[in-house]
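This report describes one structure for a reader who has the sequence and the coordinates at hand. Please keep both in view while reading.

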Amino acid sequence: MNATALIAEDEPLLAQALQAELVRAWPDLRVLKVVGDGDAAVAQALALRPDVLLLDIRMPGQSGLDAAAELAEEWPDDQPFPALVFVTAFDAYAVQAFETQAVDYLLKPVQPERLRLTVQRVQALLAQRRPATGPLDATLEQLRSLMAQPPSQATSLQVIPASVGQSIRMVPLTEVLAFEAADKYVRVLLAQGEVLIRTPLKELMPQLDPAVFWQIHRGTVVRAEAIDNVTRNEAGRLSLKLRARPEAFAVSRLYADRFRAM
Amino acid sequence: MPPFNPVTIARRALAAVVFNTVLALAITAVSGETLAVNMVYSQFIGLLIWGLIDGGRFVLHPSGWPGARAMAGLVIGAVLVAYPLGSAIANALLGRPLLIGLNHFPRATLGFVLMSLSAGGFGAYYFTSRELLARARLAGKEAQRQATEARLKLLESQLEPHMLFNTLANLRALIGTDPERAVAMLDRLNDFLRATLKASRADATAGQHTLADEFARLRDYLELMAVRMGPRLRYTLELPEALSRQRVPPLLLQPLVENCIRHGLEPSVGGGEIRVSARQGAGGLELEVSDTGVGCEAEPAAGFGLSQVRERLATAYPGQARLHWHSAPAAGTRALLTLPLPTP
């Protein structure tokens, strides 16, 4: 069976050109679909299960990196995870991260010689893992390091101003047990009750000490000290409970490594 | 220069001690007292004068420079307080009556007070003028650094690498499939780059160009973006003929249009529309840049081009230009500039 690919690139001319170059470099490859935004990339990848996924980084909807992270969470366990190739015009931080990692990346304008090298790498990876199943630890490791925020120079957060009705409630960071992204808001969970803030989790994360607050899911950050226990269900998915909160929090497989028993 | 740097304070104290010693030597040469006795008087009085002046100027003004008149008053006050106090302390140490000088040698005392006054005045003048000079130099350097940084930021934002490399990638694709369109795109890029470099070199007041030029450069930029974004970008430029010769700082509107693309349309799956228009309003020339993109809640922090436009307006039309900016989620963004320009 021939290998299959999905291309996610928002600029129509570039998507067309990438497809043409890709087919030239890899005549047997079947390009299943070309999509123009991050959300469609996730939906189509889950529906079509391509072997290779070419993701532009800056896209409408969600970025290529976010799309990859969501895919890693949603991808079924019994299916091989696609080989990821990121495409970027200029993304200093990402390029730097890629260079230390084996996930391949392409710089725009994409050049045929470089694309052939990518094709060889992907072919080698696919040949090697055809018999195996399950997402590769290496891919997760790479994604994790790509998702990690660059260190911020912003002063770290001490108190969170949250609007409650007509007034602003000042919540000390030391009282926060977890942050959970919910639609347009972030829920700030406390031992008793919760408050809502509008600052996206992405902007909040660089201001939090990563040793104190652990990311456990795309949309969840918990205070490490407040974690009570972590359990695995029949499907192998992890979830955790905090000491002072009743609800369970799903742990993404991107961050499952943290909970291997010492 | 931090006002309470212990090293510079110690340096000034040391200079006072040396100065007091020289005075004691000089007085010994012309008076009957021993050097040791003169040293006691000289150091106590001199250091008190120095302490009162050097401390007092920071009490009067946080910067340490309360102005020339206040400084003169401070010197006189310090001497009038420190001379009797210092000599009384020295008298006590030497076992003499506290007011012996004033009571028995009033003429000599007056002479010493006047001498202290000139010494204190000289010292204060010397050190503060040096400090003021250093501060002025530092401020000059800082202003220069800020100007350079502003120019660099302008250039950097207009030659944004993401925009540049994506444009080149599109060009590369077009060369194979549609050479004619590729040539047109290359010409646009050429004009855009030339205008950007020119704008980054010219200073904000001298290097003005006409509104017609401004709108032509915006069209270059938007056409480049239209090739990249396809049907996701729609735009209209409205410049009444009567206003086309009006002069404005080059690429003044460009950061605003770029914001519309980058923060309004690019994140939106369906894209949107950008409108740039000029009109003669009641308060002057009105330039409006708006989009129908995703919008945002509050004015974004620095680095979004808005502060840059504000700075340029402040330089080109000090206190006379306004920038009104409004945005709301899902309601797009609207920026309105009002410039104090005469009717052509």
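The sections below treat confidence, the contact between the chains, and then selected features of each chain.

## Model and confidence

The structure is a predicted model. For the complex, the predictor reports an ipTM of 0.70 together with a pTM of 0.66.

The mean pLDDT of chain B is 85, and 93% of its residues score at least 70. Within chain B, confidence is highest in strand β2 (residues 233-238), with a mean of 96. Confidence in chain B is lowest in helix α4 (residues 100-104), where the mean is 76. Where pLDDT is low, predicted coordinates should not be read in detail.

## Contact between the chains

Chain A contributes 15 residues to the contact and chain B contributes 19 residues. On the side of chain A that touches chain B, eight residues are nonpolar, five are charged and two are polar.

## The antiparallel sheet of chain A

Chain A contains an open sheet of five strands, arranged in the order β10-β9-β8-β12-β11, with antiparallel pairing. Its edges are formed by β10 (194-197) and β11 (213-217) of chain A, each of which pairs on one side only. From one strand to the next, the twist averages 20 degrees.

Within this order, strand β8 (residues 176-182) of chain A is joined to strand β12 (residues 220-223) of chain A by three bridges, in the antiparallel sense. Opposite A178(A) stands V222(A), a residue of β12(A).

## Backbone features in the loops of chain A

The peptide bond from K108(A) to P109(A) is cis, and its omega is near -5 degrees. P109(A) belongs to the loop that links β5 (104-107) and α5 (112-129) of chain A.

R49(A) is not a glycine, yet its phi is positive, at about 50 degrees. This residue, R49(A), is located in the loop between α2 (38-48) and β3 (52-56) of chain A.

Strand β4 (residues 272-281) and strand β5 (residues 284-291) of chain B run antiparallel and are joined by eight bridges. One bridge pairs R275(B) with S290(B) of β5(B).

## Helix packing in chain B

Helix α6 (residues 161-177) of chain B packs against helix α7 (residues 179-201) of chain B at an angle of about 155 degrees, and their axes are 7 Å apart. Because an angle over 145 degrees counts as roughly antiparallel, α6(B) and α7(B) are described as roughly antiparallel to each other. Their crossing, that of α6(B) and α7(B), is left-handed. On the α6(B) side the contact is made by T167(B), L171(B), L174(B) and I175(B), and on the α7(B) side by P179(B), R181(B), A182(B), M185(B), L186(B) and L189(B). These residues divide into eight nonpolar, one polar and one charged.

Helix α6(B) also packs with α8(B), at an angle of about 65 degrees and with the axes 10 Å apart. The crossing of α6(B) and α8(B) is likewise left-handed. Here N166(B), T167(B) and N170(B) of α6(B) meet L224(B), V227(B) and R228(B) of α8(B). By class, this contact of α6(B) with α8(B) comprises three polar, two nonpolar and one charged residues.

## A further helix pair in chain B

Helix α2 (residues 35-60) and helix α3 (residues 68-94) of chain B cross at roughly 145 degrees, and their axes come within 7 Å. The crossing of α2(B) and α3(B) is right-handed. The contact of α2(B) with α3(B) includes 24 nonpolar residues, along with three polar and one charged.

Conventions. Residues are numbered from 1 along each chain as its sequence is written. Chains are lettered from A and ligands numbered from 1 in the order in which they are written. This is a predicted model: local features need pLDDT of at least 70, side-chain atom pairs count only at pLDDT 80 or more; totals for chains, interfaces and linings use all residues. Two residues are in contact if their C-beta atoms, placed from the backbone, lie within 7 Å. Ala, Val, Leu, Ile, Met, Phe, Trp, Tyr, Cys and Pro count as nonpolar, Asp, Glu, Lys and Arg as charged, and the others, Gly among them, as polar. Two strands pair if DSSP finds at least two bridges between them. Helices (H or I, at least four residues) and strands (E, at least two) are DSSP runs, numbered from the N terminus. Axes are lines fitted to C-alpha atoms, for helices over the stretch in contact, and angles run from 0 to 180 degrees between N-to-C directions. Angles under 35 degrees count as roughly parallel, over 145 as roughly antiparallel, 65 to 115 as roughly perpendicular and the rest as oblique. A crossing is left-handed if the near helix is turned anticlockwise from the far one by less than a right angle, and right-handed if clockwise. pLDDT is the predictor's confidence in each residue, from 0 to 100.
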